[in-house]
Structure formats: structure tokens, C-alpha cells
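Here are a few exercises to work through with the model open beside you. Try each task before reading its solution.

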Amino acid sequence: PVIDVDSWHQGVCRFCGTGCGIKIGMSDGKVVDVKGDPAAHNRGRLCIKGILNREILYVEDRALYPMIRKNGELERASWEEAMELIASRFSQSIQNSGPDSVAFYGSGQLFTEESYSANKLFKAGIGTNNVDGNPRLCMASAAVGYTSVFGKDEPMGCYEDTDHADCFFVTGSNMAECHPIVWERLQDRKRSNPDTFLIVVDPRKTRTAEHADLFLQIKPGTDVALYNSMIYEFYRRGLVDLEMIEDYLSFQSGSNSITEEQFRSHLEKYTPERAASVCGISAEQIREAAFRFGNSPATMSFWTMGLNQQIQGTAANRLVMAMHLLTGQIGRPGATPFSLTGQPNAGGGVRDTGSLAHALPNGRLVANPKHRKEMEELWNVPEGTISPNPGHHAISLFQAMNSGDVECALIMSTNPIQSLPNILPYRDAMENAFVVVADAFHPTETTKYADVVLPAAMWAEKGGVFSQSERRYHYVPNLVEPKGEARSDFDIIIDLADRLGHGDLFPNRTQADIWEEWRKISAHSTYNFEGITYERLKNQPGILWPCPDEDHPGTCRRYVPGEDPLVKDEDARLDFYGRPDGRALIYLHEQGEPYENQNEKFPLLLTTGRVLEHWHTETITRRVDDLKNIKTDFLEVHPADAARYGLQDGDDVRVASRRGDAEFVTRITDDIREGLVFATFHSAKHLVNKVTSDAVDPFSRQPDYKRCAVSIEKA
Ligand code: SF4
């Protein structure tokens, strides 16, 4: 049927970190149509989730009014009753047990203004750094990688680099399903330039890997050996950029400086033959990958959870960055390392606002006295207000709720009791603490355990700023009234601030005021986006920072003279101004051992991921008619393993680890390595996170979802 549209409005897709621009069609006060914005980076394209942005507004099972748990049951309450209860429980805990007895657990799906305000309330008001969120589960290793190598977080390249690359190195990313519109842009480049070479590294033959010119189907958790070996080959074949090393790089092992010679001698252990036996691929494949990467006119790397969600996530990130730095595949169109962000606003919303337990805005750290003082001045609070102690990161926060150290928590726009790894103990954590959950939907695995549920407005029922993978800020308009009694997360945060006696932190009460404050604060940093006003964002599909004034068009390539306005030396080839000496760091990392071993009882490995059609814990997408029949209940099993365990395609299968078990339906495929099984984390009914491990990377504290020892048997 032809849809009558009264007006079209510029917006942004609500789902993944690709951040596609959309046009939203309105009629009679309702969203009636959605289409891709041809002026945005996605060139008018949307994936199936993006197309269904309209439907998500009108699905059933929305949380419609506040609820308070009484005698074990959630019962309808007024906003006043719910907020008073929350304020009194939080105040009581703070008074009796100190500010570190309360916590905020946020999300890369909140607007920037919301994450910024919650961070300010807890760190500059209440006085605790117990502020973390689901970006810890997805992007923390990339953030630590960038910060330690370049001095500042966030990628230096942009989507436009895709149009110039001659070689793509896609490692630990099923971007054809998880970032499908960036993938389409990569395919555009391949179609227009058929010599473009695609290398894919993944233990599964994903939809991405099906298109590879060279597919390295490595064993999970062995990519540090692979990258070391590729660097070994760069040196052996003369593919390193000597000018880069001389003028722009330093070498590091742990916290110690080392020489380039020491770095090179450690590589001797990673000949392609030795690395091949660790990774389970051939030495020839490693040689070819290294040659293609180093010899191409321009190489662009993409990565995401496959790199980040492992106990060597930081090491893997640093080494991919090192591969670009050592070969000079950096700072030119098409030559760049580029991490893909999972959620629509994990980068600009959470990482850049410093809404993490160790962080303060714009790359500052709570452990650094100078950084605390700077933020106390910018926030206009007395010196000494910000605690010097880093708060609890995601996993330790839920452990602290379990032990009683954290007594009250506010969880917003996320579903941790499905998305955290090793979920069973964290259900107890929810029961032990006083937990408030603000969500647009009920029930979810998390609201089921909440003491108070607050109905939250969602996309287009509230407006605000999202970011995405390439440092672009862009604006989501508020077009419709929230359903039921729902309120925006921003309103809830401000209401709580008032009730806790910290309303003075927010002298101006609107999100527009908060954006003004935040963009002005950014001017005191190398994340400068003072020139990105609401007005500009409402009239164009986003701007990439740095953007220091309102006439600046934004920056495609950071650290590059002539492009980045923060570069000081215009005659330099690059200016890594985030580092005190302007030199990026090459880190030495050895391939580590697994955190748990396979044995007779748990002889296989489990890895987890996503499918194109569903979003994270399916809270939204499972409720959409067009998607509700898309299967996410399967366990991929190699035919040899299926034969070994007597499984047929479609059999019910139980997968168990040292922590718990879950049931799935067998899907037999040789797309997966023998000895490895795969499940998505989408399904609440088939909860794979009862099985996964909460072992974390020692630097980023990001958990390892990609490799745990399991058994399988017919259920
Ligand atoms: Fe939305 Fe991501 Fe799909 Fe783009 S690729 S339409 S941002 S889900």
C-alpha cells in the first residue's frame, strides 16, 4: 500500500554502531515510514533492522508505568512513589555505607547527554566512580588499545577510507551480519575496483568470510600469534616503513621502554611455521596475508568483538594497530586501523564522556590527580569531590552486588542478566542488592529481578545525540509522545539528582543545555567538538570530531596535517599529539595460554556471536512480527563432532561448561572449525551466558565470550 507521509525528518537508526542516517516519515503524529538517508554515509541503504525502526515503536510488551516489588511481586506504582523509594534507598546506603555502596550501570544505547549526566551525578555529586556499563562488554579492549598506542581513544580513520583501500584486513568481525551497511560500502569498493583484496580472519566461515580472497580460519584465541607472525614477515620481506619507525614510533614491553632490536628479537619465536601450528592454519597463508597487507597501496583493517572479547583483547588491538604503524599503512586515504563499535552510542556516549569506572571525560583518568582537578574545575565542584579510587568495572560491580559491597544500583537501557557472561551468580547479585531498572520493555531477564522498574522512552519518543564508529556525532529527533507513562532516561537522572540533593549540578535542565555544557568542556581536550551545535546536527547527517569551531566541517582523518585542526606541526607526516612525545607505541605481546583448559570432561570450545536480523538480547527485535520467526536457538556443530557425539541436524543438544549448561538445536555445518561450537547470545530461552566465562582481559577488564571449554550431548 502507498503510505501517506506528511513530513520527513532526519534521524539515525536506533541499532548498531554503523549509525545509518535515516529519514523518518510522519503522519497524524505517528511514525509511518522509515527509509535510508541518501545524504548520509550509508548512501540511502538500511539493513533489515534499520528498515524496522518504525515497527519497534509500536510493538507490544512495553513497560508502561513504574512498578515496585512488594511481597515478591512487581506492582504498579506512581512515579512519585517509585522515585521517592529509590531516593530514600540510595540516600540510606550512602549515609550508612558511603558513596561506594551505590552504582550506575549504563549503556551504549543511551544518548550522550544521558550518559554524561549520569556520570556527572555519580562522580561529581554522589562521589563514587561506580559508573560502568555494557560498553565494558564490547569495546573496552579497543578503547585501551587506542589510548595506550596513540594516547587517546577512538579510531583515527573514517568510513570514507573504505572507498580508497586496496586491501581489507577483517579480523574478528562478522561485519556482513553485524555491521552490514559498512560491509556494503566495502563491497562497493570491491565492485568498482575488482583487484581489491579481502583477507578475513575468523574461526567460523561467516557470511563475511564467504567473500574472502584469503580466509584464515584460525583457532579461537590465537590471533596474537598470527599478528606477531605477520609482523615477523613484514621485517623479513622489507615491508616495514623505516621513516615511520625513525620519526614516529617507540617500542614498549609492559611499562618499560625497549629498543626496536629487542622487539625484533621477540618476533623470532613467531616464524610462520611456528605460528601456523598455534593458529591451525598454513604458514603459506600467513606469508600471503602479511605480503598483501604490507605491500598494498592502502590497507584498511576492520575488527570488533572477535578481537575485543577475549582475555588478550588489548594485546590483539595493540598488535593490529602496530601492523599499520610498522608498515606505514596509516594516515592516508584507505590506510588505517578501524575498530567497529557494537552499539549506537558506546563511543561518543560512554567512552568519550568517561562514563566508565576508571575514566573521566575526554580521556581523563580518575587515578590521575591532575585530571580530577581539571574536571572538578570544569564541573564547578570543590577540589577533592571526585574520588581517587576507580570504581567497579562491569563484572566486579555485579560481584560487589553479590557480596553486599554495592547495596543499590541503577541500571539503564541494558539487559545485563542476559548479556553478562557466567550469568547465574549475577542473578543472585540482583536479588541481594536494591536494583532499579529503567527499560522500554518488560519483562526482560533483568526487569524480572528488579526491585523497581521504570518505564523508559525509546528512539523517537525522545531526542538526543548518538555517535557511531567513526567519531561522528548525529542527532535523533523527538517526534512522538512516549508510550504509557514512560519518561526519558535523561528526565529520570535529573529527577534522581534533585531528590538526592545534587540538582545544583544541573542548573539548566534540558538536554540541549547539557549538550552545550558538554561541547564546551570538550574544547579543553583533544576531543574538541565545540563547533558541533544542536542546530548543525539537526540540519545535516552528523559531523566527525575534532571540530573546534562552528565553521569547521569536521575531521575525516585524525592526526593528519591538513585534515586534523589539532595537529601542531603542519610539515610533519603525522602528529600523534595524544602522546607526550608525539610518538605512537608499539607493544610487545606474547601469545598467552587459555584461561581454562579443555579436558576429557570439556573437550570442545564454545564461541558466541550474533545474526543479522536480531539485536543483542532480542528485547526489541523478537517482538517485531517480521523477525520473530528468525531462529536464534541453534548450536553450530562441525559434522565430525556431530558424528562423534551422535547428533543429527535439528536434535536438541545440551552444551555445558564448568559454570552451567543451556539447550539448543543442533545445526550441523562445516562452516565451523572441528572442535568448536557456536551459539548466539540473542535468545533468553536458550541462555548461552549460563555457559560462558567471566574471565577478563587484565588491562581492559573486558570478558572473554569467544572461547570457553565445553561438552555437548543430546538433550
Ligand atoms: Fe541500523 Fe546498523 Fe542496520 Fe545501519 S547497519 S540500518 S545502523 S542496524
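**Exercise 1. Find which residues of the shell around the ligand come nearest, and sort the shell by residue class.**

Step 1: Of the 13 residues around the ligand, the nearest are Cys13, Cys16, Cys20, Cys47 and Gly50; a residue counts as near a molecule if its C-beta atom, placed from the backbone, lies within 6 Å of it.
Step 2: Two elements give two or more residues to this shell, helix H1 (48-51) and helix H8 (180-192). Helices (H or I, at least four residues) and strands (E, at least two) are DSSP runs, numbered from the N terminus.
Step 3: By class, the shell holds eight nonpolar residues, four polar and one charged. Here Ala, Val, Leu, Ile, Met, Phe, Trp, Tyr, Cys and Pro count as nonpolar, Asp, Glu, Lys and Arg as charged, and the others, Gly among them, as polar.

Two notes before you go on: this is a predicted model, in which local features need pLDDT of at least 70 and side-chain atom pairs count only at pLDDT 80 or more, while totals for chains, interfaces and linings use all residues. Residues are numbered from 1 along each chain as its sequence is written.

**Exercise 2. Work out the strand order of the seven-stranded open sheet and say which strands stand at its edges.**

Step 1: The order is E5-E4-E19-E18-E17-E6-E7, with mixed pairing; two strands pair if DSSP finds at least two bridges between them.
Step 2: Valine 437 is opposite valine 453 in E19.

**Exercise 3. Decide how many residues of strand E28 are buried, and which strands pair with E28.**

Step 1: Strand E24 (residues 604-609) joins E28 in parallel through five bridges, with threonine 608 partnering alanine 679.
Step 2: Strand E25 (residues 634-637) pairs with E28 antiparallel over three bridges, and valine 637 partners valine 677.

Technical notes:
Buried ≥ 20, exposed ≤ 12 C-beta atoms within 10 Å, placed from the backbone.
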